[in-house]
Amino acid sequence: MIDYLINHYNYWVSILLMMAGLYIVIDHTNLIKKLIGLNIFQTSVFILFISMGKVDGGTAPILEQGYSSFSNPLPHVLILTAIVVSVATTAVGLALVVNINRCFQSIDEQEIEKIELEEE
Amino acid sequence: MSIRRNPVLRESSHLLIPAILLFALYVQFHGDYGPGGGFQAGVIFASAIILYALLHGTRRAEKIIPLKLARTFAALGILIYSFTGILGIILGGNFLNYNVLAHDPIHGQHWGILLIELGVGITVGSVIISIFYAFAKFKK
Amino acid sequence: MLAITAIAIIAMRNILSVVMLGGIYSLISATLFVVLDAVDVAFTEAAVGAGISTVLFLSALAITGKHQALTRKNHIAPLFVVLVTGAGLIYSTSDMPAFGDPQAPIHTHVAPRYIEQSGQEIGIPNIVTSVLASYRSFDTLGEVVVVFTALIAVLLLLGINRGSRRDDL
């Protein structure tokens, strides 16, 4: 049991971060904070992928004389592109938030709901 | 904006920005041998421009790289990428097959990767610069 | 460390310090990636997460104003959902391979070919670059197009080109 807990600790870290991110997204009403929560959630997925690619005794996947064991390069490639895409999507999200702020003068979910109810 | 009047920041930015730009180019073209490549180089290049824009104002930064130029370059990067692919077809291979780009496959691969990383770097860098301009110039 | 920062982000009320903590969080995760041998990823995360995202969040805050109140609704329901999700995830790890196990399924299929053959086929030392730009260049083309599309979306949403056309909103 203890062995199992120690051998899988990378999963515990990413699950904990994923729960933190999800909690921020659900619980907080401020839209910018929700985006930060999404970013934390994303990072937890990155950590999950990268930690699965790690091999005991392996080194960074750059071919060099004297090294024969490498970590798996495939998750690195996937996550590398995912990070750059994530900043682009974050920018789109922020642009939406800025536009919402222009319409409602607020970036708080509950206040926006209140304003919408009053308009009806 | 008090950050723009801070002499320490202004002077150190004069030292830092050329170094950051040079480092971006190093990362761009050394990506075959060490960590790095188009994605990282584009972001580093953009961060140098953003640093300049933060300290000297967006208007002065736009004199160096106008929004229009950045937008054009964003498209240009993708065009370089896909033309490298189409060049492979013209020279008798498949789309994005670099083996046919030079006299032997290894050199072809080198050329292909260099061109593609260049396309990626140009697109990513100019996209991030333009996104920053879009936020900085936004008026309520 | 990461978990502490994440929990601090949950507890923090001031949105400005939340954004700054987000930058710190990215930097810590970049160091974690170095430890896990993913140098390319760490490089990107340090430049993008700690640098560019933070600047973008700050400029969005400058537009919306940082004095937004961080009100919260009741905590019980979100906490319940999160705990149920976490329990499901923890249950599913029982089938997962142990950390660093060289016999894990992920290391036995495509990756050995990349590691053994890319030296002869591509001829460049950095395997990540050769997979990114050569073996999986279709993927990368797609990613670049996604980044470009995001730029178009941002420019449309923020209406930067509005002055150039007569029929604006």
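What share of the contacts in chain C with a separation of 6 or more comes from residues 24 or more positions apart? The legends below start with that chain in the predicted model.

**Figure 1. The helices of chain C.** Chain C of this predicted model holds seven helices and zero strands. From the N terminus on, its elements therefore read α-α-α-α-α-α-α. Among the contacts in chain C with a separation of 6 or more, 34% join residues 24 or more positions apart. Of the 169 residues in chain C, 40% are buried.

**Figure 2. Confidence along chain C.** The average pLDDT of chain C is 80, and 86% of the residues score at least 70. Where in chain C is confidence lowest, and where is it highest? The lowest mean, 70, belongs to α1(C), and the highest, 90, to α7(C). Over residues 163-169 of chain C, pLDDT stays under 50. For this stretch the model has one contact beyond four places in sequence. Where pLDDT is low, the predicted coordinates should not be read in detail. For the complex, the predictor gives an ipTM of 0.86 and a pTM of 0.86.

**Figure 3. The contact between chain C and chain A.** On the two sides of this contact are 77 residues from chain C and 70 residues from chain A. The elements of chain C that give two or more residues to the side touching chain A are α1 (2-11), α2 (15-35), α3 (39-64), α4 (76-92), α5 (111-121), α6 (127-135) and α7 (137-158). Which of these elements gives the most? That is α3(C), with 15 residues. Sorted by class, the side of chain C that touches chain A has 52 nonpolar, 17 polar and eight charged residues.

**Figure 4. The contact between chain B and chain A.** Here seven residues from chain B meet eight residues from chain A. Helix α5 (residues 105-136) of chain B gives the most to the side of chain B that touches chain A, namely three residues. By class, this side of chain B has five nonpolar residues, one polar residue and one charged residue.

**Figure 5. Chain B as a whole.** Chain B has five helices and zero strands, in the order α-α-α-α-α along the sequence. Its C-alpha atoms fill a box of roughly 60 × 35 × 20 Å, taken along the principal axes. Of the 140 residues in chain B, 45% are buried. Residues 24 or more positions apart make up 64% of the contacts in chain B with a separation of 6 or more.

**Figure 6. Helix α1 of chain B.** Where in α1(B) does a kink lie? A kink of about 30° is found at His14(B), shortly before the proline Pro18(B).

**Figure 7. The buried residues of helix α1 of chain B.** Which residues of α1(B) are buried? They are Ala24(B), Val27(B) and Gln28(B). The cover over these buried residues includes α2 (38-56) and α5 of chain B.

Definitions and conventions: Residues numbered from 1 in each chain as written. Chains lettered and ligands numbered in written order. Predicted model: local features only at pLDDT ≥ 70, side-chain atom pairs only at ≥ 80, totals over all residues. Helix = DSSP H or I, 4+ residues; strand = E, 2+ residues; numbered from the N terminus. Nonpolar A, V, L, I, M, F, W, Y, C, P; charged D, E, K, R; others polar. pLDDT = per-residue confidence, 0-100. Buried ≥ 20, exposed ≤ 12 C-beta atoms within 10 Å, placed from the backbone. Bend = angle between axes of the 7 residues up to and from the residue.
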